Amino acid sequence: MADLTGSRPLPAPRGRRPGPRPAAPPGLPPGTRLTVRSTGGARLHVETHGREDAPTVVLAHGWTCDTTLWHPVLRLLLPGHRVVLYDQRGHGRSPATPGNCSPEALADDLCAVLGATLPPGGRAVVAGHSMGAMTVVAAAERPALRAHAAAVLLCSTGIEQLTGLATVFPLREGAARRLAQRLLLTARLPLGPVTPLSRRLLRHVALGPAATRAQCERVARIVSGCAPAPRAEWGRVLARLDLARLLPGLGVPAAVLQGTADRLTPPVHARRIAARLPHLHGLTELPGIGHMTPVEAPGEVAGALSALARAYL
């Protein structure tokens with residue numbers, strides 16, 4: 001059950017030094033910041049931007065990221081939409097909840113945010129990137145999602161076999177590649193500070209060949225800010241994730257957006273998801289785009305969200 005507790009500051013996640021609150025993108029008003037309580041003691045940092053009477057879009061970020069991942073998309077959605085952003089537990093300004101990381105917790109948190117930011121009967125387009133899209137699928141059968149989601153957008157994601165199908169390491173498909181990619185997900189090593197070498201490695205892992213230096217720098221700053229302990233705990237969840245049984249329960253129109261150069265969740269995931277969705281709105285593959293679609297292709301992401309809002313809100 002959601003508990004809306006107001007716009008007071010949150011403590012920094014365990015293992016991370018306190019920092020300034022996330023700023024609104026340049027040229028935009030700061031919006032409203034809320035603390036929303038969820039299961040397992042989670043206190044979620046939530047932001048709302050835009051007019052209260054505009055069509056609402058709710059955005060859930062992926063593993064190792066935070067609300068600032070969506071800022072390039074947010075700029076394009078305003079002022080025509082009301083946009084709700086939140087930090088997953090253990091990311092950004094939402095403190096970690098050790099021992100309480102699971103697909104069920106992801107679903108709990110999304111439902112808490114929906115309940116706190118939408119009025120009874122209020123509807124929104126709900127979008128997730130990577131682990132954020134897994135969050136949407138994890139909540140597929142929840143009454144809160146069915147009550148509030150008019151349509152969903154699943155960006156750059158998978159729902160099963162993440163370590164087996166990823167192509168981060170240039171190894172033949174099999175046990176060695178699965179092990180290497182499991183170690184990548186579950187390692188507790190710090191990812192900062194940002195250096196030329198770390199930027200090059202991150203470009204290989206998460207971005208496409210056409211990503212600009214500025215895009216790579218943005219992603220590197222976001223990812224390096226994720227604390228090692230919650231990052232590794234969520235990585236263990238992802239390494240064994242299997243949400244396939246829940247996908248048929250996603251009973252709202254769903255669009256799928258995927259970069260063809262994505263090594264973390266290659267296009268095979270998007271095609272499998274699209275084939276199983278009960279109400280597929282469409283599958284769009286973006287040539288040369290990597291895993292970080294909200295940063296690499298914000299126009300396409302914002303365009304897909306706007307199209308869903310026009311069609312279903």
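Biologist: Where is Thr-64 placed?

Modeller: Thr-64 sits in the loop between strand S4 (56-60) and H1. Helices (H or I, at least four residues) and strands (E, at least two) are DSSP runs, numbered from the N terminus. This is a predicted model, where local features need pLDDT of at least 70, side-chain atom pairs count only at pLDDT 80 or more, and totals for chains, interfaces and linings use all residues. Residues are numbered from 1 along each chain as its sequence is written, and side-chain values use heavy atoms, with hydrogens and water left out.

Biologist: What is the phi of Thr-64?

Modeller: Positive, about 70 degrees, although Thr-64 is not a glycine.

Biologist: Is Thr-64 buried or exposed?

Modeller: Buried, with a relative accessible area of 5%. Buried means under 20%, exposed over 50%, and partly exposed in between (1.4 Å probe, protein chains only).

Biologist: And what about Gln-161: what is its phi?

Modeller: Gln-161 is not a glycine either, and its phi is positive at about 50 degrees. Gln-161 lies in the loop between strand S7 (149-155) and helix H5 (162-165). Its relative accessible area is 43%, so Gln-161 counts as partly exposed.

Biologist: Which residues does the cis peptide bond join?

Modeller: Leu-78 and Pro-79, with omega about 5 degrees. Pro-79 is in the loop between helix H1 (71-77) and strand S5 (82-86).

Biologist: New topic. At what angle do H6 and H9 pack?

Modeller: About 145 degrees, with the axes of helix H6 (residues 175-186) and helix H9 (residues 228-239) 7 Å apart. Axes are lines fitted to C-alpha atoms, for helices over the stretch in contact, and angles run from 0 to 180 degrees between N-to-C directions.

Biologist: Which residues of H6 meet H9?

Modeller: Arg-182, Leu-185 and Thr-186. On the H9 side, the partners include Arg-231, Gly-235 and Leu-238. Contact means heavy atoms within 4.5 Å. By class, the contact of H6 with H9 has four nonpolar, two polar and three charged residues. Ala, Val, Leu, Ile, Met, Phe, Trp, Tyr, Cys and Pro count as nonpolar, Asp, Glu, Lys and Arg as charged, and the others, Gly among them, as polar.

Biologist: How far apart are the end C-alpha atoms of H12?

Modeller: 21 Å. The expected span is 1.5 Å times one less than the number of residues.

Biologist: Which residues of H12 are buried?

Modeller: Among them are Pro-298, Val-301, Leu-305 and Leu-308.
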